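Visitor: I am new to this structure and would like a close look at one part of it. Please take me through that part slowly.

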Amino acid sequence: MDKEKLQYFKELLLKKKEAILRDVKATTKELTEGSEPLPDAIDQALKESNVSFELRLRDREQKLLKKIEKALKKIENGTYGICEMCGAEIDEKRLKARPEATLCIDCKKAQERMEKIKGE
């Protein structure tokens, strides 16, 4: 992949990373500012449910953040855009949709089929 394309994907990854970190900061602020209990039990339960949902989202974003960091390292060491399973180049369309992708579409489909078989 040429330097121009690598720079494009690097910027895309950095923007995603920045957005995640901004969300984490906003959630942290919400949790610390709105920590007093509410007088109504239903309101308190709803608040706790919303907090739980937010924390699950942040957990998913934490995993995505690790994938983004891995992709940025791959850009630095020259292995970005190479499928970790078969060694083929990952299609640019796939990388534009998921710049943190580590598998080509064929290997990803195969992985998902295996996961589905194991899950049944």
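Visitor: Which residues of the largest nonpolar core touch the most other members?

Guide: This is a predicted model, in which local features need pLDDT of at least 70 and side-chain atom pairs count only at pLDDT 80 or more, while totals for chains, interfaces and linings use all residues. Residues are numbered from 1 along each chain as its sequence is written, and side-chain values use heavy atoms, with hydrogens and water left out.

The largest nonpolar core has 17 residues, and Leu13, Ile75, Tyr80, Cys83 and Leu95 touch the most other members. Such a core is a set of buried Ala, Val, Leu, Ile, Met, Phe, Trp, Tyr and Cys residues joined through side-chain atoms within 4.5 Å, where buried means under 20% relative accessible area, with a 1.4 Å probe and protein chains only. Two or more residues come from each of H1 and H2, and H2 gives the most, with 5 residues; helices here are DSSP runs of H or I with at least four residues, numbered from the N terminus.

Cys83, one of those core residues, is in contact (heavy atoms within 4.5 Å) with Ala88, Ile90, Thr102, Leu103, Cys104 and Cys107, leaving aside its neighbours within four places in sequence.

Lys74 lies in helix H2, residues 41-77, and counts as buried because its relative accessibility is 12%.

Methods
Buried means under 20% relative accessible area, exposed over 50%, partly exposed in between (1.4 Å probe, protein chains only).
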